[in-house]
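Subject: The structure I promised you

Hi,

Have a look at it first, then come back to my notes.

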Amino acid sequence: MSPSLAIYRGLKHAGIDFAASVPCINLQQLLILVSDDPDIIHLPVTREEEGVGLCAGAWMGGRSPALLMQNSGLGNCINALASLDLLYGIPLLMIISHRGVKGEPIAGQVPMGRLTVPLLQTLEIPYQSPASGKGEEAVVASWEEAQEKRCPAAVLLDLEYWRQA
Amino acid sequence: MKRIEAISIAAGAAQEQNALLISNIGYPSRELYSVCDRPENFYMLGSMGMASSIGLGLALARPERKVIVLDGDGSVLMNLGTLATIALHGPKNYLLVILDNCSYGSTGSQPTCTCYCTDLAAIARGAGVRKVEEANDPEPLAQALKGQGVVVAKVEAGNAPVPIIDLGPKEIIRRFIRSVQPAEPS
């Protein structure tokens with residue numbers, strides 16, 4: 001199974017029916033799968049923080065939301081994750097392309113690549129970094145954890161993950 | 001028109017339409033709480049700039065229910081991309097009301113760019129929003145609240161002397177969700 005299809009199947013298995021996204025090259029196949037799914041309301045947004053707001057509203061309206069983005073976007077979301085989702089207890093599944101780690105060719109990705117896990121740890125947001133073939137289960141488990149703890153939960157998909165076609 | 005007067009008109013319109021109301025952080029939420037508290041009001045206590053986005057997600061999730069967002073000029077300027085997203089995806093049951101007092105009213109009334117040169121209604125139109133109204137008096141505002149899209153209402157700077165909201169975040173969201181999803185467990 002392709003890495004993108006595994007994540008998509010995880011979203012479907014988890015019951016995700018609302019998605020906001022800012023693209024990453026590694027998410028392009030997944031974004032097509034999500035866009036083409038008639039049972040998922042998908043909004044491409046202008047900035048990741050906007051997606052946090054949209055997903056919070058959708059969850060209050062009874063939907064199961066996911067935010068698809070690059071880890072650079074995590075930095076754009078911090079205040080909304082803290083003073084909206086964590087403050088009120090709003091679950092959110094974050095599917096994050098984790099750039100700037102081992103094998104990254106672009107220097108500009110490296111600072112946020114290094115900061116991604118420490119930022120999540122500081123926010124006390126649970127995260128998983130699934131290896132080959134484990135993407136689907138990680139997505140399902142993350143959304144379960146988000147609902148159970150009423151908080152955001154992240155699935156970090158690094159360069160190695162996407163190479164495993 | 002004072003902002004609390006505009007908020008009172010919006011609260012009345014929300015009651016009449018059984019609408020859900022998302023209210024911006026700071027004094028706007030406090031003023032709404034003091035003039036018309038309802039479980040259908042979601043009071044933002046943080047995440048400045050997110051009101052319009054929260055309301056949009058909610059309106060898309062509950063297409064049968066009118067959603068009115070009370071936002072401010074400073075907050076919309078912080079999340080201007082929202083207007084482009086609203087233009088493309090805003091459903092019929094969504095109305096963003098921008099109460100433009102040309103200032104950051106909750107932090108000491110420092111001026112925003114709308115005080116000098118920025119026209120939020122023009123920005124909304126430029127973003128592609130088809131229905132943009134300007135309503136600077138009570139009558140036109142009451143009329144515009146029946147519609148969809150974006151309404152920009154110029155209001156006076158300054159805050160009403162209202163107390164802090166004595167509800168915690170978990171209580172605000174618990175009763176709000178119950179009013180949004182009455183038949184479902186929250």
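Below is what I found, going chain by chain and then to where the chains touch. Keep in mind that this is a predicted model.

Let's begin with chain A. It has seven helices and six strands, and from the N terminus on they run α-β-α-β-α-β-α-β-α-β-α-β-α. The C-alpha trace of chain A spans about 40 × 35 × 30 Å along its principal axes.

Which way do they point? Leu92(A), Met94(A), Ile96(A) and His98(A) go one way, while Leu93(A), Ile95(A) and Ser97(A) go the other. E4(A) runs parallel to strand E3 (residues 65-70) of chain A, and five bridges join the two. To find the pairing, look for Leu68(A), which stands opposite Ile95(A).

Now for chain B. This one has eight helices and eight strands. Its radius of gyration is 15 Å, close to the 16 Å that the globule rule gives for 186 residues, so chain B is as compact as a globular protein of that length. Its C-alpha atoms fill a box of roughly 50 × 35 × 30 Å along the principal axes, and buried residues make up 50% of the chain.

Six strands of chain B form an open, parallel sheet in the order E2-E1-E3-E4-E8-E7. Strand E2 (41-43) and strand E7 (132-134) of chain B are the edges, each pairing on one side only. From one strand to the next, the twist averages 20°. Within the sheet, four bridges join strand E1 (residues 20-23) of chain B to strand E3 (residues 67-72) of chain B, with Leu21(B) partnered by Ile68(B).

Two helices to spot against this sheet are H1(B) and H3(B). H1(B) lies across E1, E3, E4 and E8 of chain B, at about 170° to E3(B). Helix H3 (residues 51-61) of chain B touches E1, E3 and E4 of chain B, and its direction also makes about 170° with that of E3(B).

Next, where do the two chains meet? The contact takes 24 residues from chain A and 27 residues from chain B. On the chain A side, H3(A) gives the most, with eight residues. The residues on that side divide into 13 nonpolar, eight polar and three charged.

In soluble globular proteins, nonpolar side chains tend to be buried together. Here the largest nonpolar core has 114 residues, and those with the most contacts inside it are Cys55(A), Ala10(B), Ile68(B) and Val97(B). Helix H1 (residues 3-16) of chain B supplies the largest share, eight residues.

Cheers

Key
Residues numbered from 1 in each chain as written. Chains lettered and ligands numbered in written order. Predicted model: local features only at pLDDT ≥ 70, side-chain atom pairs only at ≥ 80, totals over all residues. Rg over C-alpha atoms; globule rule 2.2 N^0.38 Å. Buried ≥ 20, exposed ≤ 12 C-beta atoms within 10 Å, placed from the backbone. Contact = placed C-beta atoms within 7 Å. Nonpolar A, V, L, I, M, F, W, Y, C, P; charged D, E, K, R; others polar. Core = buried A, V, L, I, M, F, W, Y, C linked by C-beta atoms within 7 Å. Pairing = 2+ DSSP bridges. Axes fitted to C-alpha atoms, helices over the stretch in contact; angles between N-to-C directions.
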